[in-house]
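Trainee: I'd like to learn how to read the holes and the ligand site in a model like this. Can we walk through it together?

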Amino acid sequence: MKIAVYPGSFDPVTDGHIDIIDRAAKMFDTVYVAVIVNPSKLPAFSIEDRVSMLREALKGRKKIIVESFDGLLVEYVDRVKATAIVRGLRAVSDFDYEFQMALTNRKLDPKVETIFMMTDYRYSYLSSSLVKEIARLGGKVGELVPRTVGKYLSKLKEREE
Ligand code: PNS
């Protein structure tokens with residue numbers, strides 16, 4: 001069994017994330033999509049909402065399991081018996097942060113390998129932060145996030161008005 005973990009904040013999940021998940025599922029028997037607390041970010045959505053958004057968007061995908069975890073990523077990787085962490089890379093600007101995380105995780109647990117997947121060119125500009133900004137300002141996000149995420153973004157706008 002080849003098991004991978006695709007961790008992130010997913011605040012909210014975007015079409016770019018879904019593309020990486022689908023491509024990772026072609027390489028692994030099981031992909032755990034883990035909503036993990038990023039201590040340096042203040043999320044707009046609760047962990048529960050972020051898990052629900054992912055579960056709704058990924059409904060029917062058999063090799064994919066969505067969970068949340070509060071702790072060290074390598075602990076979660078060990079718990080689900082994964083051998084790889086999958087991360088998406090969009091641009092050179094992602095590199096420093098990703099390089100630091102990959103090396104830190106390998107220092108914490110030398111068994112864990114991080115695999116980087118290049119974003120599809122259609123999503124290279126896309127980020128959860130931009131999606132939230134567009135939604136807050138009343139713009140259209142239909143082509144940026146899964147259809148089911150739309151209602152959560154409308155709630156975000158209402159909540160902040
Ligand atoms: O989508 P993000 O915010 O870039 O994901 C970052 C995340 C959640 C994967 C990262 O912050 C993380 O691994 N957090 C768990 C805490 C941890 O293990 N820190 C040490 C690894 S660098």
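Trainee: Let's start with the largest cavity: which residues line it?

Mentor: General idea: on a 1 Å grid over the protein atoms alone, a cavity is a set of points where a 1.4 Å probe fits but cannot get out, and lining residues have an atom within 4 Å of a point. Here the lining is made of Leu73, Ile85, Arg87, Glu98, Met101, Ala102, Asn105, Thr114 and Phe116. Mind that this is a predicted model, where local features need pLDDT of at least 70, side-chain atom pairs count only at pLDDT 80 or more, and totals for chains, interfaces and linings use all residues. Residues are numbered from 1 along each chain as its sequence is written, and side-chain values use heavy atoms, with hydrogens and water left out.

Trainee: How much space lies in the largest cavity?

Mentor: A volume is the space filled by probe spheres set on the points, with grid points joined across faces, edges and corners. For the largest cavity that comes to about 40 Å³. Searching the whole structure turns up one cavity of 30 Å³ or more.

Trainee: Which element gives the largest share of that cavity's lining?

Mentor: Elements are DSSP runs numbered from the N terminus: helices are H or I with at least four residues, strands are E with at least two. Helix 4 leads with four residues; strand 4, helix 4 and strand 5 (113-118) each supply at least two.

Trainee: And how do the cavity's lining residues divide by class?

Mentor: The convention is that Ala, Val, Leu, Ile, Met, Phe, Trp, Tyr, Cys and Pro are nonpolar, Asp, Glu, Lys and Arg are charged, and the others, Gly among them, are polar. The cavity lining has five nonpolar, two polar and two charged residues.

Trainee: On to the largest pocket: what is its volume?

Mentor: A pocket, unlike a cavity, is an open set with protein on both sides within 12 Å along at least five of seven lines. The largest one has a volume of about 1,100 Å³. It is lined by 40 residues, with Gly8, Ser9, Lys41, Arg87 and Tyr97 closest to its centre. Helix 4 again provides the largest share, seven residues. By class, the pocket lining has 17 nonpolar, 15 polar and eight charged residues.

Trainee: Where does the ligand sit?

Mentor: A molecule sits in a pocket if more than half of its atoms lie within 2 Å of the pocket's grid points. The ligand takes up space in the largest pocket. Around the ligand are 14 residues, and Ser9, Asn38, Lys41, Leu73 and Arg87 come nearest; "near" means having a heavy atom within 4 Å.

Trainee: Which side chains have polar atoms by the ligand's oxygens?

Mentor: Think of a polar contact as a pair of N or O atoms within 3.5 Å. Ser9 has a polar side-chain atom 2.5 Å from a ligand oxygen, Arg87 has one at 2.9 Å, and for Tyr97 the distance is 3.1 Å.

Trainee: Last one: what is the peptide bond from Asp11 to Pro12, cis or trans?

Mentor: Most residues other than glycine have a negative phi, and most peptide bonds are trans. The Asp11 to Pro12 bond is cis, with omega near 5°, and Pro12 lies in the loop between strand 1 and helix 1. Phe10 is in the loop between strand 1 and helix 1 too, and its phi is positive, near 50°.

Methods: A polar contact is a pair of N or O atoms within 3.5 Å; within protein, one must be able to donate a hydrogen and the other to accept it, and residues adjacent in sequence count only if both atoms are side-chain atoms.
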